[in-house]
Amino acid sequence: MSDKPARIPYYPGCTMKTKALGFERSAMDCAEIIGFEMDELKDWNCCGASYPLTKDNLMGLTAPTNILVEAERRCQKEEVDPNLITLCVFCYNTLKRTEYAFGQDKKKLETVNAFLDRKYEGSIRVVHYLEYLRDVIGFDNLAKMIKTDMSKYKVAPYYGCLLLKPQKEIGLDDPEDPVILHNFLDALGCKVVDFPAQVDCCGSYLVMREPKKVSKLSYDILADANEYGAETLVTACPLCQSNLDQSQSDKVQFADLDGMPVLYFTQLLAVAFGLDTKTHKLEEHNIDPRPLFEANGSDSESK
Amino acid sequence: MTKCTEDNKPIMVGDRTIPPPDARYITISIMGQPYEVPETLTILKAMEFVGYQFTRGCGCRGGICGACGTFYRIEGDHALQTGLACQTVVEPGMILAQVPFFPSNRASELDLETKMPADQQIATMYPEIFRCVGCGTCTRTCPMDIDVMGYIAHFKRGDIMGGAENSFDCIMCGLCAARCPANISQFNVAMTARRIASARLTPKSECTAARAEQVRSGRYEPMLAELCEMSKEDLKTLYVEREREPDLAKPGEWMPEDQTKL
């Protein structure tokens with residue numbers, strides 16, 4: 001890892017500015033402690049949120065290309081490594097797969113460039129925050145920065161789908177037996193609760209039409225984590241977070257399960273760093289995670 | 001009325017089109033028919049020159065009302081180009097047609113008293129903005145060089161004020177909507193957003209409200225009546241000799257000596 005603090009172009013995506021403010025703010029605060037800066041792109045549009053399911057649908061690649069070309073220009077102008085850091089896994093998935101598609105097939109890039117009247121050279125490497133911690137900072141270095149004793153917390157790492165799949169295109173970790181969040185939690189010093197439902201689907205967008213089905217899926221995941229002894233769950237996906245957290249309002253489905261807080265991994269990292277978490281929107285979670293930290297004697301409020 | 005130039009080309013004279021006497025003639029195509037028109041004319045004037053009359057698709061002729069937004073191509077070039085017909089000068093080989101009107105979606109009712117957050121209000125009135133795939137055709141179409149896709153992106157992520165500011169130069173020509181593959185009427189969304197931004201998101205100026213109240217109270221009626229009674233000469237003198245704020249006075253610091261009329 002390099003010694004001087006890096007400024008990395010950062011693509012937030014719409015959710016970071018609306019429903020997942022706590023994710024973004026905690027990630028930014030933690031980056032400052034770790035020693036890098038997330039430098040938001042000046043002009044950015046929605047990434048499209050879902051990667052096109054047909055191979056020849058290039059229209060779906062125009063939005064991510066507009067973002068990548070913006071990042072490329074920034075990197076060339078500032079002469080920094082052509083990386084683009086993301087938080088939301090929907091954005092990560094869409095941008096990463098676009099990167100892969102252009103890497104595999106230059107003709108696709110040429111067609112999209114011609115359509116957009118832009119010149120994306122294909123240099124940008126899309127990196128997830130978690131990936132940056134693992135590959136550039138190093139989890140062992142991260143472990144040395146932890147200020148709070150986290151060994152009290154029994155945390156289940158929940159991956160969902162889009163952070164890992166499809167593996168050929170994303171290539172972050174094993175899609176069925178991933179370890180990246182486990183290793184992250186290890187570095188924090190938490191008790192990591194390995195549980196079978198860690199890569200099960202939360203129901204994703206189905207929540208719009210079939211909230212009952214999503215309640216059931218969320219229940220299965222949370223009940224599984226609970227059975228294996230977890231008291232909280234961390235994720236990197238805003239939609240997983242929302243589904244798992246909000247579904248717990250369904251008192252019929254969740255009759256036999258006590259509320260389990262669902263955190264963004266950066267919110268937990270902020271606690272581990274002993275940061276002031278007031279701006280991290282913990283109070284907006286359906287299942288308030290603050291009592292958990294207070295009960296365990298974390299003094300993040302007083303810092 | 002028409003008259004002939006030396007090389008026997010008819011030109012129209014009168015209140016509108018008076019090309020220079022030695023103007024060169026160029027060939028353009030209007031709705032598939034070739035015409036010879038003097039160079040230097042704008043698209044609008046060139047079409048009028050050959051006999052078209054416009055009641056729609058033209059307006060201020062000053063490049064600001066947005067009524068004459070138009071598409072054209074140059075023969076041999078694949079690119080569809082855009083401009084305002086009253087501002088764009090004809091070129092040889094231009095293929096023209098004037099767009100009189102383009103159907104667009106405009107949400108009918110705008111409730112400025114609602115308690116709904118501004119971003120949700122826009123999302124409710126124009127849910128089609130979420131169909132945007134980010135192709136950027138609108139931005140490349142805009143004759144005012146506005147980043148149309150950019151302001152739609154602001155609305156999508158709930159930044160109504162940002163989108164309102166970035167769309168401020170819009171002249172409502174509607175060409176963006178004509179080209180949008182997602183069927184968004186961007187310019188109407190932006191107008192609604194600017195109304196919401198100014199009515200609901202902009203801090204209210206207390207001094208403006210206080211001044212409006214002073215005006216309503218009739219405080220200035222006698223002063224106006226006094227001015228109406230004055231002779232033209234006295235009025236001129238009063239105007240010329242009035243106290244004026246110096247050009248470089250710091251904002252809010254200068255006060256006139258005679259404060260009886262404030």
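User: What distance separates the centres of domain 1 and domain 2 of chain A?
Analyst: This is a predicted model. In it, the two domain centres of chain A are 24 Å apart, taken over C-alpha atoms.

User: Where are the bounds of those domains?
Analyst: Domain 1 of chain A covers 7-130. Domain 2 of chain A covers 139-292.

User: And how many residues of each are in contact?
Analyst: Domain 1 of chain A puts 23 residues in contact with 26 residues of domain 2.

User: Which elements give two or more residues to the domain 1 side?
Analyst: Those are α1 (21-34) and α3 (89-104) of chain A. The largest share comes from α1(A), with ten residues.

User: What classes of residue are on that side?
Analyst: For domain 1 of chain A, the side touching domain 2 has 13 nonpolar residues, five polar and five charged.

User: Switching to the sheet in chain A. What is the strand order?
Analyst: The order is β2-β1-β3-β4. The sheet is open, has four strands and pairs in parallel.

User: Which strands stand at the edges?
Analyst: β2 (36-40) and β4 (125-128) of chain A do. Each has a single partner strand, so one side of each lacks a neighbour in the sheet. From one strand to the next, the twist averages 45°.

User: How many bridges join β1 and β2?
Analyst: Five bridges, in the parallel sense, link β1 (residues 6-11) of chain A with β2(A). Tyr10(A) has Glu40(A) in β2(A) as its bridge partner.

User: Which helix packs on the sheet, touching β3 and β4?
Analyst: That is α5 (residues 129-137) of chain A. It touches β3 (83-86) and β4 of chain A. The direction of α5 makes about 95° with that of β4(A).

User: On to chain B. How many helices and strands does it have?
Analyst: Chain B has ten helices and seven strands.

User: What is its radius of gyration, against a compact globule?
Analyst: Chain B has 26 Å, whereas a compact globule of 262 residues would be near 18 Å. Its C-alpha trace spans about 70 × 55 × 35 Å along the principal axes.

User: What share of chain B counts as buried?
Analyst: 29% of its 262 residues. Among contacts in chain B with a separation of 6 or more, 58% are between residues 24 or more positions apart.

User: Last one. How many residues from each chain make the contact between A and B?
Analyst: Chain B supplies 14 residues and chain A 15 residues. On the chain B side, helix α4 (residues 148-156) gives the most, with four residues. That side of chain B divides into five nonpolar, four polar and five charged residues.

Technical notes:
Residues numbered from 1 in each chain as written. Chains lettered and ligands numbered in written order. Predicted model: local features only at pLDDT ≥ 70, side-chain atom pairs only at ≥ 80, totals over all residues. Contact = placed C-beta atoms within 7 Å. Nonpolar A, V, L, I, M, F, W, Y, C, P; charged D, E, K, R; others polar. Rg over C-alpha atoms; globule rule 2.2 N^0.38 Å. Buried ≥ 20, exposed ≤ 12 C-beta atoms within 10 Å, placed from the backbone. Domains from an automatic or database assignment. Pairing = 2+ DSSP bridges. Axes fitted to C-alpha atoms, helices over the stretch in contact; angles between N-to-C directions.
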